[in-house]
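Colleague: Thanks for sitting down with me. Could you take me through this one, question by question?

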Amino acid sequence: MRAEMPIAQRVAYFDHAAVGPISGPAARAMRHWLTQAAELGDTVWLDWQAAVERARSSAARLINAADEEIALVPNTTSGINFVAEGLDWREGDNVVILADEYPSNVYAWMHQQDRGVKTRFVKTDFGRLDPDELRRACDTRTRVVSVSWVGFSTGCRQDVDLVAEIAHAAGALFFLDAIQGLGVFPLDVTQTPIDFLAADGHKWMLGPEGAGMAYIRREHLDRLRTVGVGATSVVGRYDYSTIDYRLRSSAARYEGGSMNMAGLIGWGASVDLLAAWPPGELAAAVLAITDQACDRLRSIGAEVLSHRVAADPTAGGRRPAVGHRLVHAPRPRPG
């Protein structure tokens, strides 16, 4: 894996939830596209389109979904808005989110206030969620519970199975902002009942910015009013001379116009690289390095607050929330 990460030859790169480096396979795939675009133009467009569809299939396999449940998106925000703008809201409905969410997973829901939708915030203990607080925030008018898998500012990883259970017990849908976890932590949507998910590829999936995925569970596709409809949203998407408004029967109906082919092809190459490793192996390595970093920080006098907790044996083997925070470090000594 290290050999396929060119940046590892130059620096020790500790990703802090911003932008991850792209992999060697992604770089090679994008350079190949660039050469073709410059030297051959769109005479090879069908090859590019086939590569984009392979990326869709790779993304589907990553979470054990069907290809038809995957929409290719330019960012996580787009996927959030598929749901926020697409649901048939009613005056008095509410959305429940965590108080320390990334702004995109806040504003998309707050934007529904002119439709009578309230946004409820659940406080956390430095990212760590009290399940009872989440239960209390939900009621019969809760339409969506939207949570980030891993907190952008804390690194705290939520128990996705438990959040899904709480949301569904309240009769709500569950949206997962997966950008901070997908690609390193395993996820199987046939086992974890997520209704919707979105993640750009520029973090753990090791792709470029502007290329990622949204997941819409098959039975919910017609539950949403499709946004961003364009020429390629319909069944006859390449018959431009005929107007026939029949939406595609897959999540690809959200792909209404031209796509970031170079980015999606590169992202797909990185997803294929990640798929070569057994589920959980990369996550175990990341957690081991995190623990080592915390131990080393303590050894030089830093105070580290850790939220790693033991798995509850009664919770069906759910993974615990994990977060580490550097609370205080001594001032550097002169010289």
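Colleague: Is Trp48 buried or exposed?
Modeller: This is a predicted model, with pLDDT of at least 70 needed for local features and 80 or more for side-chain atom pairs, while totals for chains, interfaces and linings use all residues. Residues are numbered from 1 along each chain as its sequence is written, and side-chain values use heavy atoms, leaving out hydrogens and water. With a 1.4 Å probe and protein chains only, under 20% relative accessible area is buried, over 50% exposed, and in between partly exposed. Trp48 has 8% relative accessibility, so this residue counts as buried.

Colleague: How many aromatic pairs does the structure hold?
Modeller: The rings of Phe, Tyr and Trp (its six-membered ring) pair if their centres lie within 6.5 Å. By that rule the number of aromatic pairs in the structure is 7.

Colleague: What kind of pair do Trp33 and Trp48 make?
Modeller: Planes under 30 degrees apart count as stacked, over 60 as edge-to-face and the rest as tilted. The ring centres of Trp33 and Trp48 are 5.3 Å apart and the planes stand at 45 degrees, so the pair is tilted.

Colleague: Which helices does this pair link?
Modeller: Helices (H or I, at least four residues) and strands (E, at least two) are DSSP runs numbered from the N terminus. The two residues are 15 residues apart, and the pair links distant parts of the chain. Trp33 belongs to residues 24-39 and Trp48 to residues 45-63, that is, to helices H1 and H2.

Colleague: And what kind of pair is Tyr102 with Phe152?
Modeller: The two ring centres are 5.3 Å apart and the planes of Tyr102 and Phe152 lie at 80 degrees, so the pair is edge-to-face.  Tyr102 is in the loop between strand S2 (94-98) and helix H4 (104-110), and Phe152 in the loop between strand S4 (142-148) and helix H6 (160-169), so the pair ties together parts 50 residues apart in sequence. To name the kind again, Tyr102 and Phe152 are edge-to-face.

Colleague: How much space lies in the largest cavity?
Modeller: A cavity is a set of points on a 1 Å grid over the protein atoms alone where a 1.4 Å probe fits but cannot get out. Points are joined across faces, edges and corners, and the volume is the space filled by probe spheres set on them. The structure holds 1 cavity of 30 Å³ or more. The space in the largest cavity is about 70 Å³.

Colleague: How many charged residues line the largest cavity?
Modeller: Lining residues have an atom within 4 Å of a point, and among them here are Tyr102, Phe152, Asp100 and Glu101. Asp, Glu, Lys and Arg count as charged, Ala, Val, Leu, Ile, Met, Phe, Trp, Tyr, Cys and Pro as nonpolar, and the others, Gly among them, as polar. The lining has 4 nonpolar and 5 polar residues, and the number of charged ones is 2.

Colleague: Which residues does Gln180 contact, neighbours within four places in sequence aside?
Modeller: Gln180 sits in the loop between strand S5 (173-177) and strand S6 (196-200), and at 10% relative accessibility Gln180 counts as buried. Contact means heavy atoms within 4.5 Å. On that basis the partners of Gln180 are Ala17, Val150, Phe152, Lys203 and Trp204.

Colleague: What is the phi of Leu206?
Modeller: Most residues other than glycine have a negative phi. Leu206, in the loop between S6 and strand S7 (212-216), has a positive value, near 65 degrees.

Note on methods. On a 1 Å grid over the protein atoms alone, a cavity is a set of points where a 1.4 Å probe fits but cannot get out, and a pocket is an open set with protein on both sides within 12 Å along at least five of seven lines; lining residues have an atom within 4 Å of a point.
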